[in-house]
Amino acid sequence: MPATLPKNPPFNKILVCIILILSLAYVNASAKITGLKCEYLINPIGMDSPRPRLMWIMDDAKQGAKQTAYQLSVSTDSVELSKGIANTWQTVKVISNNNRVNFNGRALQPYTKYYWRVSVWDKDGKSNTSAIASFETGLMDKSNWKGTWISDNNDASAKPAPYFRNSFDLTKKIRSARAYIAVAGLYELYINGEKIGNHRLDPMYTRFDRRTLYVTYDVTAQLQSGKNAVGVLLGNGWYNHQSTAVWFFDKSPWRNRPAFCLDLRVTYEDGTTETISSNKKWKTALSPIVFNSIYTAEHYDARLEQHGWNTAKFIDTAWKSVINRQAPSLNIVAQTMQPIRAVEKIPAQGIKKLDDKTYLYDLGRNISGVSSITVKGEAGTIIRLKHAEKLGKNGYADQSNIDLHYRPTDDKDPFQTDIFILSGKGEETFMPRFNYKGFQYVEVSSDKPIDLKKESLTGYFMHSDVEPVGSISSSSNTLNKIWQATNNSYLSNFFGYPTDCPQREKNGWTGDAHIASETGLYNFDGITIYEKWMADHRDEQQPNGVLPSIIPSNGWGYEWGNGPDWTSTVAIIPWNLYMFYGDSKTLGDNYEAIKRYVNHINDLYPTGLTTWGLGDWVPVKAVSPVEFTSSVYYFTDVSILAKAAKLFGKADDQKTYEALALKIKNAINTKYLNTATGIYDKGYQTELSVPLYWGIVPDSLKHKVATRLAERVKQDNNHLDAGILGAKAILTALSDNGYADVAYSIASQETFPSWGWWIINGATTLYENWDITAKSDLSLNHIMFGEIGAWYYKGIGGINVDPQSPGFKNVLLTPNFIEKLDHFESEHTGPYGKIRSSWKRKGDVVEYSVTIPANSTATVFFPTGKKVSANEQVVNAGNGLKIAAGSYIYLIK
């Protein structure tokens, strides 16, 4: 608006009217209702939950905006629902600010699509109704399966992947069709020659003999009246692990030849249904995939291709009969989660011809996924694609840092090396279907000369396709690169369960996962993956409460690496989900598992101190007692259990576990804390930061212990001297206790040992070891040092959960205006919308900008000793400034 109006009375009147109209429109604008999800998915199909969670976001930028009431409506008829008529469930106008509600209407029926919407009233009593969303049930119960589990007649040692097909006629006009497929192993599904969906490596890895997942597809568009054909290609995955390594997955108790069960349910226009199912009428043959291993690679002989094998016109008289098989488990449930996809296509950044038969490709960054090659050559030409994270001194691909746990029995299964045999029929393309790798470089060699260009090879970054919900940007290029590298490593280790590395192991190491969980949740909407993984925990837990160190497991890990410093996942991750989403479901689902777990530790270690664990893994030089770190994690698990007991109204349990937590805390402090000096044990970084972070330090001594920690860091030349448990704790332990500048001095280092040291040396992911020349433990794509990605949000941006009002219902904002940064921007989209906490320097003033989404609040804690003003008025923020939803700017001097 101009400072003075033009000297034109008619124009002035018009301009004033426009301004008034726009102002009134803003003031009177009703909230938009967005982000409708069911079970954290958008319009999902194939749901099994009888009481699914329905959720929405109130999008309203007005200051103080909040929801005061809602009304949910659910119907099987979208037209009637649009008129306000709901035949399944309609609540009254509920006076509540809840934006996540469990369905509580008429019993949901299988194979049924439900439409829903929500009306929301704002603080002024104005209502707005959302667009219509949907969810669709699947089988709901295992008794609804009509198909039979089938396989071919080969045993688990057979190498080629099997094809399966069935042709059928559809005589009526089709209204809709769904394919429900459960698989022991991996699969690709085809109808009339078309691959169904864009998922990769389905179904997700579980303990196959205890829980089997099925996936649902809408296949209406692929079917036709008349002749049709359905085809299935099966891969081994973790179900039939033929490669041999130190974890003995080749000896898994469930191991067998892959098998599947399929129901293709067709609904006709006249309302009748027909189901085409897997049964003895199907035919099978071997595919051109002559070997596939989730752990190593895939081998493909294009000369064996059978074109049109999955179409109705294909003649399958030479194919064999299938056999019936027992289901791998009796617990067959819907896969309700974001799938793995090839999320990003990465062109090769460089190519080098090493000799007449060998080329080296560089993607320019480290990824998890696969490569695709397009090539032309003579029939029978054998091409090998060797994938590696680094190069040897001779310039060839070097796998010495990732193949050390592999135990091959012959030379037929080279590590991370695809083998492609050409058919000789013009230009051919190969990309593995049932494998993924961790790599930056691809060495392509052939037994006959071939001509390749840079464009001949492409990388595909694969991972669980979780939505980004966070962003960080700052004036430090190194900080920005560390954040990006952390996210790259996090996603590279998210494949339906969290892993340690995408190349050497692909195991669900529990310690790595709970350490990185906050980093993941600040940056990605990963709750569906974690909820599935917690179900894996419940599948794996022994009756006495013991959990393995890797989950899922074939039985390995119950005897090593599974103390509370690692398997605290059973408690920490459900608690973090509750903190980030305000959703206690997983905490409730895991409650008895946590209870059995801590009771077992209490039985083994009645003093409150436990030596069970691995300790501060991969430290720089200082080694802390395992008893110390494991006992702190034991305390953490018991504390979470006590808080969960309070949340769920279990008063006796609350009393029991609060007392046990206090006992453990006192035992740790009695043995390890020198109250006079404020030093734990020998005073190493881990020994001071871990008790601060996890709440062991008595309140009266927190400042003293934090001061000792800051002094220790300066003694260590402002560098880290910690393993993964210390690295998890140290940055927040410092920034939460008045030493954010010391924390930043660690986080911003660019010399050994530091995150920045990796970046300066070309890292695009996080490493396993601070020492980049280490002879062992040197995967170049590990997430176990990934807490720094969460600390950027917590320790600099200051976006913190409020344990008293979880799910960012109330945001605790504790920004730290680091002197060595000119600006810092952080954003996180939580259950109520986008939270923004950003600041920039303007001379000797810091301008701090905050956005709090509608239906939530915040409490802002500014650094002490600073003058804070807003709108030229001094702000009294001594005990925390409480603010409503909206956008604010503060000046700090």
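A: Happy to. First a term: a nonpolar core is a set of buried Ala, Val, Leu, Ile, Met, Phe, Trp, Tyr and Cys residues joined through side-chain atoms within 4.5 Å. Buried means under 20% relative accessible area, exposed over 50%, and partly exposed in between, with a 1.4 Å probe and protein chains only. This is a predicted model, where local features need pLDDT of at least 70, side-chain atom pairs count only at pLDDT 80 or more, and totals for chains, interfaces and linings use all residues. Residues are numbered from 1 along each chain as its sequence is written, and side-chain values use heavy atoms, leaving out hydrogens and water.

Q: Good. How many residues are in the largest nonpolar core?
A: It has 215 residues. Among those with the most contacts inside it are Phe 420, Leu 734, Trp 755 and Tyr 848.

Q: And which helix gives the most to this core?
A: Helix α10, residues 626–647, with 11 residues. Helices (H or I, at least four residues) and strands (E, at least two) are DSSP runs, numbered from the N terminus.

Q: Let's zoom in on Trp 755. What is Trp 755 in contact with?
A: Contact means heavy atoms within 4.5 Å. Leaving aside neighbours within four places in sequence, the partners of Trp 755 include Ile 482, Leu 720, Leu 731, Trp 770, Phe 785 and Ile 788.

Q: What other core lies apart from the largest one?
A: Another core, of 28 residues, lies apart from it, and has Tyr 187, Ile 191, Val 232 and Tyr 268 among its members.

Q: On to helices. How far does α11 reach?
A: Helix α11 (residues 651–672) has 22 residues and reaches 32 Å from first C-alpha to last, close to the 32 Å expected at 1.5 Å a residue. The expected span is 1.5 Å times one less than the number of residues.

Q: What do the buried residues of α11 pack against?
A: They pack against α9 (591–604), α10, β35 (673–674) and β36 (679–680). The buried set of α11 includes Tyr 657, Leu 660, Ile 664 and Ile 668, but also Asp 653, Gln 654 and Asn 669.

Q: How do α4 and α7 cross?
A: The axes of α4 (residues 510–523) and α7 (residues 569–581) come within 9 Å and cross at roughly 5 degrees. That makes α4 roughly parallel to α7, a label for angles under 35 degrees. Axes here are lines fitted to C-alpha atoms, for helices over the stretch in contact, with angles from 0 to 180 degrees between N-to-C directions.

Q: Which residues of α4 and α7 meet?
A: On the α4 side, they include Ala 513, His 514, Ser 517 and Leu 521; on the α7 side, Ile 572, Ile 573, Asn 576 and Phe 580 are among them.

Q: Is Leu 201 buried or exposed?
A: Buried, at 8% relative accessible area. Leu 201 has a positive phi of about 55 degrees although it is not a glycine, and it is found in the loop between β13 and β14.

Q: What about the phi of Asp 681?
A: Positive, about 50 degrees, and Asp 681 is not a glycine either. Asp 681 sits in the loop between β36 and α12 (685–694) and is partly exposed, at 32% relative accessibility.

Technical notes. Parallel < 35°, antiparallel > 145°, perpendicular 65-115°, else oblique.
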